[in-house]
Amino acid sequence: MGSNWEDFYANLPAPRDLDNSIELLKKFTERQGPSVRGIVLVTSGGTTVPLEHNTVRFVDNFSAGTRGSVSAEYFLERGYAVIFMFRHKTLEPYSRHFTGQKFLEMLETNEINGKNVVTVLPEHSERISEVLKKYKQALEQEKLLEITFTTVGEYLWLLRAACQALAPLGPRAILYLAAAVSDFYIPPNEMSVHKIPSSGPPNISLQLVPKILKPLVSLWVPRAFVVSFKLETDENLLISKARDALNKYNHNLVIANMLHTRKNKVVMVTKEKSYEITLSNEQIEKGEEIEKYIIDDLIIIYTRFLEAH
Ligand code: 9Z3
């Protein structure tokens, strides 16, 4: 076991609320009328790898969900419907602008006629209102569906369910796989049921998660526009690995990025060419986001793909 994706799913218990997610996905995709430009599945955030069935401990990764949540906003702005499939408690579109105490600092509280009234400080009003309007619009127009996962197993079940919902759309489906998915896991039958005792150093052995991009591209959504991400920490490997993935899975675009520079630089790799998108220092200072440029370019590549179909 471990190399074949069918065995992998057969041995991996489905998440308890999977049927509910399937229903939401079905309703959402069916509700999008003929005028919708396309539906984008954006995956975002990292996955956990539980070490115990009654999970106390797990292996995790760094992903904060910035790439995914920011990209989702730009897709919505460009008229696409978005299924935002994200790791529970990582960043979400719109609310990501107001996280932590930064948000509380935008508010003030006063007592008026014996009642506590909370107001937004005038200097933050424009900004909050701008984001709030976009958020409300996405909800009112029913253009945004959010579904969550935590473990790598939940991610994989949900990904397959989302593909099944998107398959009927053919080339109108875009997959933008920005989540940082674990390459390793502990198969359920090898996992400790209870909390691993601390009486001695644990013997933890991880297995390979099968490469899910393979069945995804060739079987689940064969007519969709598929974008994967490649993350490296060694610059020398980045482009060759991205190109290997493209050749191996035969999808449409790989967006390659380095761990430490991912917010300011990516490389767009298609079958025809590869080129960099970078933010200048001036753009960074202005608070510009690289995802805006990624999405603009992606749409150009996608439009060409549509024309070819
Ligand atoms: C990415 O490369 C994303 O851009 C990041 C975004 C995870 C770096 P943040 O969430 O980070 O904004 O903090 N995602 C894909 C990473 C990945 O695991 N790719 C696999 C690989 O490189 C291929 S599917 O092997």
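I start with the second largest pocket, whose lining divides into 14 nonpolar, nine polar and four charged residues. Here Ala, Val, Leu, Ile, Met, Phe, Trp, Tyr, Cys and Pro count as nonpolar, Asp, Glu, Lys and Arg as charged, and the others, Gly among them, as polar.

Before going further: this is a predicted model, where local features need pLDDT of at least 70 and side-chain atom pairs count only at pLDDT 80 or more, while totals for chains, interfaces and linings use all residues. Residues are numbered from 1 along each chain as its sequence is written, and side-chain values use heavy atoms, leaving out hydrogens and water.

Pockets and cavities come from a 1 Å grid over the protein atoms alone: a cavity is a set of points where a 1.4 Å probe fits but cannot get out, a pocket is an open set with protein on both sides within 12 Å along at least five of seven lines, and lining residues have an atom within 4 Å of a point.

The second largest pocket has a volume of about 690 Å³, taken as the space filled by probe spheres set on the points, with grid points joined across faces, edges and corners. P13, P15, P50, T151 and E154 are the closest to its centre, out of 27 lining residues. The most lining residues, four, come from α6. Helices (H or I, at least four residues) and strands (E, at least two) are DSSP runs, numbered from the N terminus.

Next, the largest pocket holds about 1,300 Å³ of space. Of its 48 lining residues, A179, V181, D183, F229 and K230 lie nearest its centre.

Where does the ligand sit? It sits in the largest pocket, meaning that more than half of its atoms lie within 2 Å of the grid points. The shell around the ligand has 15 residues, the closest being S63, G65, R67, N257 and R262; a residue is near if one of its heavy atoms lies within 4 Å. β11 gives the most to this shell, with three residues.

On polar contacts, pairs of N or O atoms within 3.5 Å (within protein, one must be able to donate a hydrogen and the other to accept it, and residues adjacent in sequence count only if both atoms are side-chain atoms), the N257 side chain has an N or O atom 2.6 Å from a ligand oxygen. A backbone N or O atom of F229 lies 3.1 Å from a ligand nitrogen.
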